[in-house]
Each structure stands twice: as structure tokens, then as C-alpha cells.
Amino acid sequence: MSRTVSSWILSSARSSIVLQGKGRWYSIRIPNRNKTKWKLVFSKTCPYPAGSCSLDSTFSLPKAFRHTSTEEEHFSFQLSPAQINDILRAGELSHKTLGLNGKNANSVLRFESNQLASNSPMEDRRSAATCLQTAGMMFGVFDGHAGAACAQAVSERLLHYIAVSLMSRQSLEEIELAVEAMKPVRPILQWHRHPNDVEYQEIASQYFENLRVYWQHLLDLDTEPGFSLEEAMICAFKRLDSDISLEVQAPQESELMRNIALQVAFSGATACVAHIDGVHLHVANTGDCRAVLGVCEEDGTWSTLPLTRDHNAYDEFEIRRLKREHPRSEEKTLFVNDRLLGILMPSRAFGDVQLKWSKELQHSILENSCDVEALNIYQYVPPNYHTPPYLTAEPEVTYHKLRSKDKFLVIASDGLWEMLSNEKVVKLVAGHLTELNVQKPLTFKKPVNLGYMHNLLLQRKSKGLASLDQNIATHLIRHAIGSNEYGEVDPEKLAAMLTLPEDLARMYRDDITVTVVYFNAETIEDYYRNH
């Protein structure tokens, strides 16, 4: 990286203020620090109390590569290609779907996922699971703010709530009888996790008990066969958010559990979850994560089909919805500086009880808690806070019937979409598929001479296919943070973005989480032939 570029990065950083925790809270460039002062009203929340597991090193850059100082004499952007690949590929996850006979009868062919941290610790989370007692697979991306606690809890729990919502009365009764008899319970989900993924082990028993209360509630309902998939997803989102709110109000067995409940409720997370069963694709979205379908048209061109809307101040539907839910006297104060009540960028999210509870309830919970400042939780009521709740976790659900030309689904946090457009992402995935096909072992129907084979190998080498990312999510992240104005990856820019100090990185990029699901065209075509 040239001296000019590195000096620009440093000078830019020194003339900016970023309130740590998430850029969507505040990220404000000012001409002079001494003339303007900002009070830190929300701080980043450490999601793991002392003594519990920590994600400080999970998916974060190795300490040997990542700087902790903004002083220029300590600054270096030099990374070898191998070091860059090690950093980018640390969070890779992939899974290929196979049936009992080794063949794939699932509409999901495989999925590939990756994450890259900007915040320390990372605030994004992801989930992927196969439903064992109902049909289908689920994939989720969760973007936390004001800490990772809420995103962590939602990533562990939401898919279970959806699966339970889809189960038949008979299945729910069997599970309840097994729990009452203290017998083993058949698994609901088969998780597909990265080795570094962690769980809140300290509070897992309470999470299970509250899930049990939910399925008992479903058993009390006189509905059979139960919810539609859309209803199940909406009900699961809303119920989990309600449980997050109630858990922090209820007595806890230990101070540790109390602290976790506080941190989960007072941080927040947006969520995007896809459920795929045969040709039936449902996407439930709360907030500003995004899901986009890559479509290969008959003429070989690629098109994009967005399956979500960003729930924020830029969406007219969200503005009208909030205006309907609050008095006309608040129309001018609902969104200030393109943020909900001047604070939060997304207009839908889990947690964030500061924007859902009454002032009195917030005061009561925090006054009766232990040292909340040690947990980085501060009582702050924004101006014009009159008619809560202002925030909801209710998702918007989109249904799409898969066609053979639907080739893949990209679900990602806004850290990707801030860098790349929907069209660019689909183009990159499509191009990657083509390059992977080129990289397959050479096969010839007729004998060929050595000169012909030599020329083919030279062509591959000139295209750089030997070092091609096998994981498409890594390929997208590489382009998101390293692309130049021509759309090509600039190695110097990529190295600079990966070695920025922790206090600067968030100014130039957000946490990025990407999951790409590839569809099985043969299975989809078989469905239409049989129907």
C-alpha cells in the first residue's frame, strides 16, 4: 500500500468519530473534534460475562496481522497472498447434501458460507440446519448491534422455534411425553456448524424450558394441521422476541444467567432466515439483512430476484407502517437523520428493549440489576419517546416457487450489500460457477497431443484459476473489501482492509456474513415432471 493511501486512511480516521459497537448506531464525520462533542449513549456490549466462553478470537484477524495502534510509525499493510488467504478463509463452512443412497434428492445441492469480522468481537452470526422431524432445510444470517449477545441468542434459538411451529400435534405430544418421563428427546434439528461456532452453554437449559413452554402453548391451541409455513415463521420470530423480553424480567437462577439475559435484551439483531422444502422457498426477514436469488435465463444471461426489503428509513412502506402505528404528532420525530428516533438504522429487530419498553419498565429493570455499567448497558431514553413500542421483530415473509432456472440463493448481512449491489453479487457467483467448471479435471473424448494439453494448462494459469477460492462466500468477501473502481481485486487495497487497526476497521467496513445456497436443478425438474 502506498504511503499516500495509508496517510489518507490515517488522516481520515483522525478527523472522524465512530461510536463503537455498530456503525448503524452513529458514524459521524466531523471537521474538528474540539468543536463538536458527542455523548456515547449506546456502547458495544460484551456478549460473554467473565468466566464464560469468548468470541474475541473467533473469525477475528490473527493478532500478528491486525494492528491495535493508529500511530503511523506502527502501521504496515504488508501481507503475503498466503496470509491474506488464511485470514479470508478462516470462517469457511460448506456442506453437500446427500441422500441415504449417496444421491441427492434434495432441492438443496450444497451451501457455502463464510464470515469476516470488523467489530471485535464480531457481532454477526449465522445458522444452518436440516429439519429432522419436518421437511426442509433452514439458513439464517443475523446481524447484531450494540454487541453480539442478541445475535448469538437468536442464532441458537430461532430455527428451533420455527421447527417447533411446523411440527404436527402428534409430534409435539410425543416430545412433551418424553420430557415428562425424563426420557431422551428426538433431535429436532441437525446443525451444520463451523468448528469455532459457540453456544451459551450456561443458559441452554433455560432456553430449552422456554421452548417447551412454547410447544405447550401450541398444544393448547385447537388447530390441526397447524400453521402454514408463513404463519409458523411469523409466530416463531414474534414468540422468540417476546421470550427475550420476558426472560430479563423474570428471576434468574444465577447472576451469570441474569447478566446474559440483560445483554441479550439490551443489544439487538436483525435476521434473515430461508426455509427450503422441495420447490417451496420461504424467506422471513426482519431488518436489513438481505436475500437475493440468482436466475439463469434461457439465453444464458443472469438476472437477480430480490426476496427481501431492507427495513429502514429509506423504505417507504416502513415509514408508512410506523406512521400508522403512532400519533400524527410524532410523524416528524419517528425518523431523525435516517434513523429510528435518531438512534437505530433498521426499523425491525430482535431485542433492543430500549425502543420497545415503557420508560418505567426500563428504569425498574435496570435499577434492580447488578452493576449494569460493567455490562456496558446504560439507561438512555431518546427524545420524543412517547408511545412505545417503536420497534418490532415481526418479519416480512416472501414465498417463491423454485424453477429450474433458479440456480442459487445469497443471504448476507448488510456488510456485504453496503459494498456490492445485488447485480454485482449475482454476477460474481455466476462467474465463479463458470470458472469452477473450467477448473474441473480435463477430459477428452478423443486422443490429444501434448502441445494441445500444454496450451490449455497455460490458459488456466493465465487466468489465475490455480488460486481460485473454492468457497463462493470467500470469493464475495474478497471482492467486497478488495475491489477497485474497475471491479477487480486490488491486492494492496485488500491487504490494507485486512490490517486496519480494530479502532479503524469499522470506519471502512462492517462485519460481513455470507451464505450461498445452490439448488439442484435435476430435483426441481423432476418435481415438475411428476406434477
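Student: What does the side chain of Thr513 make a polar contact with?
Tutor: In this predicted model, the side chain of Thr513 makes a polar contact with the side chain of Gln115, at 3.0 Å. A polar contact of 3.0 Å also joins the side chains of Thr513 and Asp124.

Student: Where is Thr513 found?
Tutor: Thr513 is in strand 17, which covers residues 512–519.

Student: Buried or exposed? I mean Thr513.
Tutor: Thr513 has a relative accessible area of 0%, so it is buried. Leaving out residues up to four places away in sequence, Thr513 touches Asn114, Met122, Arg125, Val141 and Ile411, among others.

Student: How many residues apart in sequence are Thr513 and Ala117?
Tutor: They are 396 residues apart in sequence, and 8.5 Å apart in space, C-alpha to C-alpha.

Student: New topic, rings. How many aromatic pairs does a search of the whole structure find?
Tutor: The search finds nine aromatic pairs. One of them is Phe111 with Phe139: the ring centres are 5.1 Å apart and the planes are at 65°, so this pair is edge-to-face. Phe111 is in strand 4 (residues 108–116) and Phe139 in strand 6 (residues 137–145), and the pair links distant parts of the chain, 28 residues apart.

Student: Why does Phe111 count as buried?
Tutor: Because its relative accessibility is 1%, and buried means under 20%. Phe139 is at 0% relative accessibility, so Phe139 counts as buried too.

Student: And how are Phe237 and Phe350 arranged as an aromatic pair?
Tutor: That pair is tilted, with 5.5 Å centre to centre and 35° between the planes. Phe237 lies in helix 6 (residues 229–249) and Phe350 in strand 14 (residues 350–351), so the pair ties together parts that are 113 residues apart in sequence. Both Phe237 and Phe350 are buried.

Student: Which residues form one aromatic cluster?
Tutor: Trp302, Phe408 and Tyr518 do.

Student: What sits over the ring of Tyr207?
Tutor: The charged end of Arg157 does, 3.8 Å from the ring centre. Elsewhere, Arg320 lies over the face of Phe317, at 5.0 Å from the ring centre.

Student: OK, the inside now. How many residues has the largest nonpolar core?
Tutor: The largest nonpolar core has 58 residues. Those with the most contacts inside it include Leu158, Ile162, Leu262 and Phe350.

Student: Which helix gives the most to this core?
Tutor: Helix 3 (residues 149–166), with 11 residues.

Student: What does Ile162 touch?
Tutor: Not counting residues up to four places away in sequence, Ile162 touches Met138, Met233, Ala236, Phe237 and Val273.

Student: What about a second core, how many residues there?
Tutor: The second core is separate and has 33 residues, including Val426, Ile472, Ile477 and Ala505.

Student: And His432, where is its place?
Tutor: His432 is in helix 11 (residues 422–439). With a relative accessible area of 0%, His432 is buried. His432 touches Leu468, Asp469, Gln470, Asn471, Ile472 and His475, again not counting residues up to four places away in sequence.

Student: Helix 9 next. Which residues there are buried?
Tutor: In helix 9 (residues 359–367), Gln362, Ile365 and Leu366 are buried. Seen down the helix axis, the buried residues fall within an arc of 90°, so they line one face of helix 9.

Student: What do those buried residues pack against?
Tutor: They pack against helix 6 and helix 7 (255–266). The face of helix 9 turned away from the buried side carries the exposed residues Glu360 and Glu367.

Student: What is phi of Leu341 near?
Tutor: Phi of Leu341 is near 55°, a positive value in a residue other than glycine. Leu341 is in the loop between strand 13 (339–340) and strand 14, and is buried, with a relative accessible area of 6%.

Student: And what about phi of Asn384?
Tutor: Asn384 is not a glycine either, and its phi is positive, about 60°. Asn384 lies in the loop between helix 9 and strand 15. Its relative accessibility is 34%, so Asn384 counts as partly exposed.

Definitions and conventions. Residues are numbered from 1 along each chain as its sequence is written. This is a predicted model: local features need pLDDT of at least 70, side-chain atom pairs count only at pLDDT 80 or more; totals for chains, interfaces and linings use all residues. Side-chain values use heavy atoms; hydrogens and water are left out. Rings of Phe, Tyr and Trp (its six-membered ring) pair if their centres lie within 6.5 Å; planes under 30 degrees apart count as stacked, over 60 as edge-to-face and the rest as tilted. Helices (H or I, at least four residues) and strands (E, at least two) are DSSP runs, numbered from the N terminus. Buried means under 20% relative accessible area, exposed over 50%, partly exposed in between (1.4 Å probe, protein chains only). A charge sits over a ring if NZ of Lys or CZ of Arg is within 6 Å of the ring centre and within 35 degrees of the ring normal. A nonpolar core is a set of buried Ala, Val, Leu, Ile, Met, Phe, Trp, Tyr and Cys residues joined through side-chain atoms within 4.5 Å. Contact means heavy atoms within 4.5 Å. The arc is that of the directions from the helix axis to the C-beta atoms. A polar contact is a pair of N or O atoms within 3.5 Å; within protein, one must be able to donate a hydrogen and the other to accept it, and residues adjacent in sequence count only if both atoms are side-chain atoms.
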